Amino acid sequence: MLHHLPDPEFGLRALRDVLETDGAMNLMVYATYGCFGVYMLQEYCQRLGIGHSDKEVNDLANTLTALPPTHPLARLLGESPDITSIAGLVDALLNPQDRAFTVPQLFALVDYCETRFFRWVRQAPYLPQCGSLATTPHAVQLEKLTQRE
Amino acid sequence: MTRHSLILYRDDHPGDDHLPSFEGNGWLAYIPIRLHETKYVQKSLPPNAVAVLINQAHSDLDIFLPVNANEKQIVDAINGERTIEEIIHHHSHLGTKGLSELLSQARGLFERLYNYDKVVFDTSSKSGDGSP
């Protein structure tokens, strides 16, 4: 839950310091672009001053049913078990401390905290040679980009 | 994607990165391990494919790996104990291809299997020169 810390850099460095020299850690942080709909709704909740009471949270859950299916959050509501529960909804939309990372920002965090990237747990979504991008006119240009790009 | 999940080391981690490499012959000593969320799909197949390998943990539906009959035999021989070299030798008795052609095919296949999250490798027994 580094992304819910006020200082994720401090948190990762602390984890790094207790990691065995020959050990490895599995880290998860939220992704900026995929969570775009979450951050739209976080801003919405802040503007309305929605709090954590049962009534406010239930009202919020009911309001979300009115989201159009094309809203960036709608897909997440349909797919992510994290935010389909009341507790998950509070965590996703009403958490005052939430920082997502782009890939370059994540590599900067890794470098800053004196850690070394080994691999993505599931790497195919990050590789331009996998998936439909590999058959597009941009495939050759995409393959020339570094992993950090 | 809504989250990034990654494996990290300390920056003073000893030794190399243990990242699989398909240069040289060291890869032949790797032991491929199929990821449990990988499965075959055998419907609506592309031309020349006898199956498509998918990883059910992927949310992107365009990430799938078609395999032909020869490749499927190799994938089927992965049991988490055999090295790639042993799999290739096992497979070479089944087909009519020469060993060098088989090695070339296997190198490309195992690299794709790794990139597409179908297998990981136990590289701990990697020999010095990996000579077959």
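Q: Which strand of chain A do the five bridges join to E1(B), and how do the two run?
A: Strand E2 (residues 115–120) of chain A, and the two run antiparallel. Strands pair if DSSP finds at least two bridges between them. Strands (E, at least two residues) are DSSP runs, as are helices (H or I, at least four), numbered from the N terminus. This is a predicted model: local features need pLDDT of at least 70, side-chain atom pairs count only at pLDDT 80 or more, and totals for chains, interfaces and linings use all residues. Residues are numbered from 1 along each chain as its sequence is written, with chains lettered from A and ligands numbered from 1 in the order in which they are written.

Q: What's the bridge partner of Arg119(A) in E1(B)?
A: Ile7(B).

Q: Switching to cores. Which residues have the most contacts inside the largest one?
A: Tyr30(B), Ile84(B), Phe110(B) and Tyr116(B), in a nonpolar core of 24 residues. Such a core is a set of buried Ala, Val, Leu, Ile, Met, Phe, Trp, Tyr and Cys residues joined through C-beta atoms within 7 Å. Buried means 20 or more other C-beta atoms within 10 Å of a residue's own, again placed from the backbone.

Q: Which helix supplies the largest share of this core?
A: H3(B), with four residues.

Q: What does Ile84(B) contact, leaving aside neighbours within four places in sequence?
A: Trp27(B), Leu28(B), Tyr30(B), Pro32(B), Ala106(B) and Phe110(B).

Terms used: Buried ≥ 20, exposed ≤ 12 C-beta atoms within 10 Å, placed from the backbone. Contact = placed C-beta atoms within 7 Å.
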